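Good morning. I will go through one model today, starting with confidence and ending with the surface. Please have a look at it first.

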Amino acid sequence: MDEHRAPGFGTSKPFGATSPSGSDANPQIREGAAADLVTHTTKAAGEVVDHAKAAEEEIIDHAKNTAGEALTSAAEDVARQAPEIADRIRDKAGTVADGLYRSGGEYLSRQVETYPLTSLLVAAAVGYGLGYLVTRSD
């Protein structure tokens with residue numbers, strides 16, 4: 001019955017102990033198994049790294065595509081709204097320019113009414129200066 005038992009069970013010799021001749025194959029088997037385990041673990045780690053790199057590239061590509069689509073959509077929205085915005089700005093600018101022209105004319109009229117002699121002298125000086133510039137260039 002002892003001959004059917006695995007080595008190290010029910011014997012006085014502990015499992016992995018050296019044989020009386022001093023040589024035992026178990027350390028070599030253990031070293032081979034450890035080397036196989038290291039090789040297998042290294043391959044598995046390499047596969048995990050490869051999968052992680054592929055996933056990373058896929059995520060980056062997806063992010064680029066999503067960002068590109070968002071920017072394109074925003075640019076299209078701005079392009080659609082640009083003519084309307086330009087029309088509003090033109091209308092408001094025209095209104096503001098008319099208002100400034102009127103208020104400037106009113107201000108100038110009040111100044112001429114308040115200081116008629118000074119206004120006449122300023123107008124004469126401006127006229128003389130313009131006349132001098134025009135005749136000088138001829």
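What is the mean pLDDT of the chain? This is a predicted model, and the mean is 80, with 78% of the residues reaching 70 or more. One is residues 13-17, which still has 10 contacts in the model beyond near neighbours in sequence. The other is residues 19-23, with one such contact. Where pLDDT is low, the predicted coordinates should not be read in detail.

Now the overall layout. The chain has two helices and zero strands. Helix H1 covers residues 26-114, and helix H2 covers residues 116-137.

How much of the chain is buried? Of the 138 residues, buried ones make up 0%. The accessible surface comes to about 12200 Å², and carbon and sulfur atoms account for 63% of that.

Next, the charged side chains. Side chains of opposite charge can pair when their charged atoms come close. How many salt bridges does the structure hold? There are five, and I will go through some of them.

Take arginine 80 in helix H1. Arginine 80 pairs with aspartate 77, and the closest N and O atoms are 2.8 Å apart. These two residues are three apart in the helix, so about one helical turn separates them. Arginine 80 also forms a salt bridge with glutamate 76, where the closest N and O atoms are 3.9 Å apart. Here the spacing is four residues, again about one turn of helix H1.

Are these side chains buried or exposed? Arginine 80 counts as exposed because its relative accessibility is 57%, and the cut-off for exposed is over 50%. Glutamate 76, at 42%, is partly exposed, and aspartate 77, at 32%, is partly exposed as well.

A further salt bridge joins arginine 90 and aspartate 91, at 3.9 Å from N to O. Arginine 90 is exposed at 54%, while aspartate 91 is partly exposed at 46%. As for shared partners, salt bridges link Glu76, Asp77 and Arg80 into one network.

Last, the nonpolar side of things. Which residues form a nonpolar patch on the surface? They are Val122, Val126, Tyr128, Leu130, Tyr132 and Leu133, and together they have about 670 Å² of accessible area. One of them, leucine 133, is found in helix H2.

That is the end of my part.

Conventions: Residues numbered from 1 in each chain as written. Heavy atoms only, no water. Buried < 20%, exposed > 50% of the residue type's maximum accessible area, 1.4 Å probe, protein only. Areas by Shrake-Rupley, 256 points an atom, 1.4 Å probe, with all protein chains shown as cover. Patch = residues over 30% accessible without salt bridge, like charges linked within 9 Å, V, L, I, M, F, W, Y side chains within 5 Å. Salt bridge = Lys/Arg side-chain N within 4 Å of Asp/Glu carboxyl O. pLDDT = per-residue confidence, 0-100. Contact = heavy atoms within 4.5 Å.
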